[in-house]
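Hello,

Here is the structure we talked about. Please have it open while you read.

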Amino acid sequence: MDDSQLATDQNSISALVEPKYTTMIIEKVRSLLPDTRLILFVTATNIETECLHKAIKAFTSDDNEIIQCMPDNNTYFIGRIGKYGVVHFQCDEQGSIAKRGAITTTGDALNTWHPDAAIMVGIAFGKDKKKHQIGDVLVSKTVFNYEDVKVEKDKVTPRSSAPESGTVLFNRFKNIQGWECMLENGKPAHRRIGMMISGEKLVSYEAFKQGLFTGNTEEAVGGDKESFGFHSAVSSHLSEWIVVKGISDWGDSNKGYQKDERQHIAASSAVSLCQKVLESSGLDRIHRNPDRVAAALAHAEVETAGSGQKTSEVGTYKNLPDRNLYFAGRKLELEQIEAAFTDGQRAVLTGNGGYGKTQIALEYAYQHLGDYQHIWWVNAESELSLQNDYREFAQYNGLSSSFNEEFDQVLRFMKRWFAENSGWLFVYDNAEGVKKLEVYLPGGTAKGCVLVTTRDTRHKIPGKTISTDVFMPDESRAFLKERLTESSVEVTDNEANQLADLLGHLPLALEQAAAYIYRHQRSLVEYINLFQKHGVRVLKGTEDEETVLTTWSISFGAIESVAAKQLFNVCAYLAPDDIPLNLLIDGREELPEKLQSELCSDEFLQDELLDELRHYSLISLKRENNDPLISIHRLVQQVVRKELGAGSEWLEFALNTSNAGYTYETVDVESASSFRLQLPHALEVAEQAEDVFTGEDNRRFEAASLFMKAGYGLHNQGDYPKALELHQKALAIKEEVLGDRHPSTAMTYSNIAAVYHAQGDYPKALEWNQKALAIKEEVLGDRHPDTATTYNNIAVVYHDQGDYPKAQEWYMRALVINEEVLGDRHPDTAKTYNNIATVYFTQGDYPKALEWYQKALAIYEDVLGDRHPDTATIHNNIASVYRARGDYPKALEWFVKALAINEEVLGDRHPSTAMSYNNIAAAYHAQGDYPEALEWFEKALAIYEEVLGDQHPDTATIYNNIASVYRAQGDYPKALEWYEKAQVINLEVLGPDHPHTQITKVSIESVRRKISSPE
């Protein structure tokens, strides 16, 4: 590209009419904002601001000027782009947002306007002038602070992770179609999506810039001085943020050449992409910020105070799925729902899968939008999904930080809200997934309407039951005509009747047939002929199964992509709902070659693959955290399995792929979420394989491996009964396939022992550990590291039983092997040193404990480094010794060292970080600084409840610790409240005989005595 010929097309942003401004006070502006999604734009230079303002339109059609107001130190410009409200402010100077006060300024903007999302738009330097051009637009997937790095010989290693842009914003900027911004000689600007590097140091010469694009930052697309500071300013307020910047230079010494022209081109390109995204109405999935609605309501109350006028509510709360534009018929069911509500009853729609219960409920909601102040759609397929939808509603309605609160508090809020409000409709879809739905439903005296859909015809939900069935003939005809209105296919009554009869009037089958006809523009007669051709392959089963199978066969036969067919077949053997595509991608090596190639090599091919299946209504697709989740209708899945065969090669593909992709390596938010998504699919395929592959050792062993992995994950999540059940399933298969003297069988014995240990059943734990040991000593010998691991496990049980001599004896056995086989500088040897130190610590021999902890620390720092989580663990242990000795300053010093490592390496939402918070809290507690102790305990609790849940034993431990602080303060009612919260978990998860349960029981009794007989 010739720099001397830089120009922009006449249709670009810079060619637009200069904007005009009018001044208005903030109170009047706020009244315009609650009903629209609001985007905060941030710029750093005058040129960026100039280009952005050319894209902003007047907020209302009655005005032709952008609103300007100055409620604080900032000057804000308010308008709209597309249907979205826009608030813009400019930082003091380029780069200043990083450190010199603009974070505070941005915070002022966020607190003043409560936007739903934030975009930094402007100019940046590019990475490679040979591949990119001035005016190309960089879109941040992540932002990396290039000043927070460790520089080694040939690479730059980040000290902290690169934060990811908001999911909805990133997807829209990545996938937007039809954006054109023409540059010099008609060349279009291109999007460059990836990592942005950012820092305060000026990038002004080539060598320095190239040094930034090495190692983990090699794939970055460009950078600037402001992006990381922008992220730091907005991320604590918003999850939806992104950086969009045009390339204005190459970070070299030639920056001054045609500087203004380049910056205008770059900023105009970036703004034009933002404008295209906002004008495409693609951000409706971003939730409105409830704080903005609350602020507007508060202002309205002030305005009407003393006037005797009633303040009207701002907005309603509707989260309905998209309306089915082809809905037809169902007049009887809709009238029955309305009649049930008129009589003050709940309405419960029942019927088999594929009968259209969800669509009836959705259509009723849309037909009656004006009749309700609040409508909320609840996904009741599982307790987790229902609870999440309740949390979201509570957050919209004023329960602050509801996603971080225990669910009991959210449920109390919902029950109170139902009782205090009227004119609402709540729809609970697919409610068969929640066993005790009544616990969540509004009370019988609530002043609103409840509509439930369920396949369970034997439900016990109070209310009017409305049975659904297949379409009536006239409904089938009406549906086909409506569905094919926009096609060129003629739909006669006779042909529609004939096709509907052949398909059994099943709504799902008719939808699949119509999708096929529409896609291929075939006549109904041609489709009927196809049906009759494929109809000879009819299963022995219900008419519904026959209908869906035949319809599926036609649609599936039309799929041209081999990979799409393969994907559908594999998914047929997983659980039907929310199949994470990442499970298959992670296990790609076990997929058929064609599917492996298209699914895993290119996102475009992946989208094409999924779109082909969606065209024929064979799957539905949604995204969670930008990861695709596939669902297949249960009835379709069942008949597909029947046709392919229970023990087909596709079950084997599903089994092997699941095993290769299913892992649970760390207990953090991401891993725990992934585990929960993958769990039903791992169990579904493992149980099928267990039943079908009798006498096939390799396949049965794969099933055992899945049971074992699932059991391990459930153990970590505190579901000990289910974990034990799955380990026992794995054991039964391993003993059958491998025998009872195999090391893999011994591993399962150890897993079972670990569950019993966690439950406090120490005799059982010792029994199963001894069974594992017998195999390892016989097969591996008594000098093998795996044998040493079992010695260690036995020692831990004795330690927790209080038999310290026995614990020391078994630890020493493990140590002899580790030092002899692995050496005295191996992490496993260091782990044994740590365990021996812990025995001394428990017995009160603090000098010995410190001696052994220091030996472990020396190895960890030498082998793993001084920023490793295992090193942090030793820091915590050493701190505990100092705390026990009463040296609290020294203890806090070591606890803080551990915390620094955990926050840096694991992040501030990891259980190990929470443990550091807990330890610091305990140190403050011991010193009598109770407010500080409570603050740190609550930080730990927030992580445990988010990652492990509010029914995990570790969460109960924090409840206990908080109770102990209130008890020390003499606030016995508060202490009792928290002890009882802990005991609920202990009794349910650990049982009445567990030591933790017994200790909490004693504490509760003591506190109750204090309350009843105060001194």
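Below is what was found in the structure, topic by topic.

This is a predicted model: local features need pLDDT of at least 70, side-chain atom pairs count only at pLDDT 80 or more, and totals for chains, interfaces and linings use all residues. Residues are numbered from 1 along each chain as its sequence is written, and side-chain values use heavy atoms, with hydrogens and water left out.

**Overall**

The protein chain has 39 helices and 20 strands. Both are DSSP runs numbered from the N terminus: helices are H or I with at least four residues, strands are E with at least two. Of the 1015 residues, 51% are buried. Buried means under 20% relative accessible area, exposed means over 50%, and partly exposed lies in between (1.4 Å probe, protein chains only). Take the contacts with a separation of 6 or more: 71% of them join residues 24 or more positions apart. A contact means heavy atoms within 4.5 Å.

**Cores**

The largest nonpolar core has 164 residues. Such a core is a set of buried Ala, Val, Leu, Ile, Met, Phe, Trp, Tyr and Cys residues joined through side-chain atoms within 4.5 Å. Leu 567, Phe 568, Leu 584 and Ile 630 touch the most other members. Helix α36 (residues 930-947) gives the largest share, 9 residues.

What is Ile 630 in contact with, leaving aside its neighbours within four places in sequence? Its partners include Leu 567, Cys 571, Pro 576, Asp 578, Leu 610 and Leu 621.

Two strands pair if DSSP finds at least two bridges between them. β19 and β20 (residues 627-631) share 5 bridges. Lys 622 has Leu 629 in β20 as its bridge partner.

Asp 578 is in the loop between α18 (562-571) and β18. Its phi is near 55°, a positive value in a residue other than glycine. Most residues other than glycine have a negative phi. His 114 also has a positive phi, near 50°. His 114 is in the loop between α3 (102-113) and β6 (117-126). With a relative accessible area of 18%, His 114 is buried.

The expected span is 1.5 Å times one less than the number of residues. Because 12 of its 16 residues are buried, α35 is largely enclosed by the rest of the structure. Among the buried ones are Tyr 917, Asn 918, Asn 919 and Tyr 924. The buried residues of α35 pack against α33 (869-884), α34 (888-905), α36 and α37. Just after α35, Gly 928 takes a positive phi of about 85°.

Helix α39 (residues 995-1012) has 18 residues and reaches 26 Å from its first C-alpha to its last, close to the 26 Å expected. Its buried residues are Thr 997, Thr 1000, Ser 1003, Ile 1004, Ser 1006 and Val 1007. They pack against α37 (953-969) and α38 (972-990).

**Rings**

The structure holds 27 aromatic pairs. Rings of Phe, Tyr and Trp (its six-membered ring) pair if their centres lie within 6.5 Å; planes under 30 degrees apart count as stacked, over 60 as edge-to-face and the rest as tilted. Phe 230 and Trp 241 are edge-to-face, at 6.3 Å centre to centre and 75° between the planes. Phe 230 is in helix α6 (residues 227-234) and Trp 241 in strand β12 (residues 241-249). Phe 230 is buried at 0% relative accessible area, and Trp 241 is buried at 3%. Elsewhere, ring pairs link a cluster that includes Trp 376, Tyr 390, Trp 417 and Tyr 440.

**Cysteines and one arginine**

How many disulfides does the structure hold? It holds 0. A disulfide is a pair of cysteine sulfur atoms within 2.5 Å. Cys 51 is buried, at 1% relative accessibility. Cys 69 is buried, with a relative accessible area of 1%.

Arg 483 is in helix α13 (residues 473-483). Arg 483 is buried, with a relative accessible area of 10%. Leaving aside neighbours within four places in sequence, Arg 483 is in contact with Tyr 326, Glu 511, Ala 514, Ala 515 and Tyr 518.

Best wishes
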